[in-house]
Amino acid sequence: MNEIPNDVASTGSSGSNSLRNGPDARGRFGAYGGRFVAETLMPLILALERAYDEARRDPAFREELDYHLEHYVGRPSPLWHAARLSRALGGARIYFKRDELNHTGAHKINNCIGQILLARRMAKTRIIAETGAGQHGVATATVCALFGLPCTVYMGTTDVERQKPNVFRMKLLGAEVRPVSAGAGTLKDAMNEALRDWVANVRDTYYLIGTVAGPHPYPMMVRDFQSVIGEEAKAQLRAAEGRLPDVAVACIGGGSNAMGLFHPFLDDPSVRLIGVEAAGKGLDSGEHAASLLRGRPGVLHGNCTYLLQDDDGQILEAHSISAGLDYPGIGPEHSWLHDIQRVEYVAATDEEALAAFQLCAKTEGIIPALEPAHALAHVAKIAPTMRADEIILMNLCGRGDKDIFAVAERLGVTL
Amino acid sequence: MTRIAARFASLRRAGRGGLIPFLEAYDPDAETSAALLAGLPEAGADLIEIGVPFTDPMADGPIIQAAGRRALNAGATLRRTLAMVRDFRRTDADTPIILMGYLNPILSYGPEPFARDAAACGVDGLIVVDLPAEEADLLLPHAKANLLDVIRLVAPTTDDARLPKVLEGSSGFVYYVSITGITGTRSATTAELAANIPRIRRITDLPIAVGFGVKTPVQAAEVVQIADAAVVASSLIATLAASLDAKGRAGSGTVARVLGDVRALAAGVRGARVAA
């Protein structure tokens, strides 16, 4: 179970025409990806690539990974038929892949377990990470506590303010949270600061990136560790319904939960794949995080990808009610899947996500994170247009405990 | 011969190392920045590095980050930075100008038109921090076609096996990043430099400049006893920042104070005893 895809992918179905063979030797998915880092980091990136390549071929590494995913994370996560929500919306049968039930409450831990095992294998003694919503920070702090490694998490000051519960959780877990006040104080700025830390501490430090972005091999490696989501869901849906879904939907910030859900379905042309970006206050408001729908290709944080930028190539601030989607870039594999039109990319606004957040709570008894509430907002748009025998699979990638304060404020409730 | 090669040849003839001060284009405003640039050669700059402002300068410490924010607020763009160099060339035909920055503004401009316009404006060399040797084919052919030197960064983490790859296609000079870290933080020791510079000399005949952490005239003098030039950035920008008023505007003494620092650095570099 929980197999990491090999370069000739694990389904056995993928030949030379497979969409699952990327990236190439330069870390490119089509024109996107690559390794755009300062020379100081370049030898580290190359060493990481070699170490990951060895690890994923080593049965002992997979065994250790599977053991932790099963007994510590709690995998496989359930597949839930959201029957009341399906009836309320009318139309398609909706299934949730419940990665919000993982230990720490989101899909982020899947990747953290994989990378912390790799960091140990590389004999690194200090871990750094960036975080937006704090879910990746909490997951990183968790695995560092589990393995007794010191952990520093960079987090924008805006995010520190709107995600207080997660800041406290990280501290309880023994991590040091360093607030970053540069820029708008969000995920982009936290990532800049983590890269600055890494460049100053190259010998002992492992940078545990939380999404499918950054220089090669991170986009590939994080995708591989997250693909357990789609692999499980595929098998679970086959058991429940005897077939593939008609549509699979996931929200996109950097895009790790979506890549994890989509990758195992890329070679199944009958499955429509839909990624939902954050439209913030509206796609034409200038305050959104829709890198694919409103950005253009450029280079930031080590990879070539779609970015929100001005005419001079300066990076624009993203906006979303969801701290986890508040990023002006996106993983390079998504940029490629967008260009070749294998995945459809759409957007949901703050208001639509808030409505979906409440709908999910009241119909299914599940308080979702604001991030997957964006995916659900799109599900709510398309489900009524589909037949009752059609199936939507949605990744419920995080739980909403962290968001209740921000949501209460938006709803005008004082806690 | 390119301006950079000519300048290093004349430094060699004079038996001394060079000083390469850095300024961020448009910091704190277009006029002050242009006045600083115009005054640098007379103050003792042998070559000049101009930082191209970028929103996300991942290799820079707080001092240069702040300079970049001031510059962007003052309306800096890559196009305007090139125009600043063009204006400088009206009064100075000899001092080499090197642009240092990040890749995305160049990509946004278009690598080919950028290389053409940069050369036409009188730029001599390019340092692109986030463009390692592995990705350099994106810019290198256009730079070469326009006789622009592409100057490579070599770091303490660049081992001997990797050095030839890093230096492949590089010209002008080699920029040795003397520490593992961001700009304006710690300084390398003379022993660290003495261990690393010969490593690079064995692979290339290009001159070697040392930057990151070179702050004082004494440090600059130490650097040029081992390498061919010293780059000084953050300490000059710190002087500039300290001269600004509460609203971040240049005062009447801003240009003079920064150029005063440059004069002291130049005196340090010129007084250093250089091994033949």
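In the predicted model, A:Arg56 and A:Asp224 are both buried. Their side chains meet in a salt bridge, with an N to O distance of 3.7 Å. A:Arg56 belongs to helix α1 of chain A and A:Asp224 to helix α9 (residues 218-226) of that chain, so the pair ties together parts that are 168 residues apart in sequence.

Further salt bridges were examined within each chain. In chain A, A:Arg35 is paired with A:Glu49, and the closest N and O atoms of this salt bridge are 2.8 Å apart. Because A:Arg35 is located in strand β2 (residues 32-36) and A:Glu49 in helix α1 (residues 42-56) of chain A, the pair ties together parts that are 14 residues apart in sequence. A:Arg35 is buried, its relative accessible area being 8%.

In chain B, a salt bridge is formed by B:Asp228 and B:Arg201, for which the closest N and O atoms are 2.9 Å apart. The former residue lies in the loop between α10 (217-224) and β9 (229-232) of chain B, and the latter in helix α9 (residues 190-201) of chain B, so that parts 27 residues apart in sequence are tied together by the pair. B:Asp228 is partly exposed, with a relative accessible area of 21%, and B:Arg201 is likewise partly exposed, with a value of 34%. Salt bridges with shared partners also join A:Asp53, A:Arg56, A:Arg57, A:Arg223, A:Asp224 and A:Glu333 into one network. Over all chains, the count comes to 51 salt bridges.

The interface between the two chains was considered next. Contact involves 39 residues of chain B and 36 residues of chain A. Between them, the chains bury about 2800 Å², of which 50% is on carbon and sulfur atoms. Across this interface, 5 salt bridges are found. A salt bridge also links the side chains of A:Lys188 and B:Asp56, at 2.8 Å from N to O. Residue pairs in polar contact between chain B and chain A number 23, with both residues at pLDDT 80 or more. On the side of chain B that touches chain A, at least two residues are supplied by each of α3 (62-73), α4 (78-89), α5 (103-109) and β6 (153-154) of chain B. The most is given by α5(B), with 5 residues.

A nonpolar surface patch of about 550 Å² is made by A:Ile367, A:Ile404, A:Phe405, A:Leu411, A:Val413 and A:Leu415. Of these residues, A:Phe405 lies in helix α16 (residues 404-410) of chain A and is partly exposed, with a relative accessible area of 45%.

Definitions and conventions: Residues numbered from 1 in each chain as written. Chains lettered and ligands numbered in written order. Predicted model: local features only at pLDDT ≥ 70, side-chain atom pairs only at ≥ 80, totals over all residues. Heavy atoms only, no water. Patch = residues over 30% accessible without salt bridge, like charges linked within 9 Å, V, L, I, M, F, W, Y side chains within 5 Å. Areas by Shrake-Rupley, 256 points an atom, 1.4 Å probe, with all protein chains shown as cover. Salt bridge = Lys/Arg side-chain N within 4 Å of Asp/Glu carboxyl O. Helix = DSSP H or I, 4+ residues; strand = E, 2+ residues; numbered from the N terminus. Buried < 20%, exposed > 50% of the residue type's maximum accessible area, 1.4 Å probe, protein only. Contact = heavy atoms within 4.5 Å. Buried area = accessible area lost by both parts, 1.4 Å probe. Polar contact = N/O pair within 3.5 Å; in protein donor to acceptor, adjacent residues only side chain to side chain.
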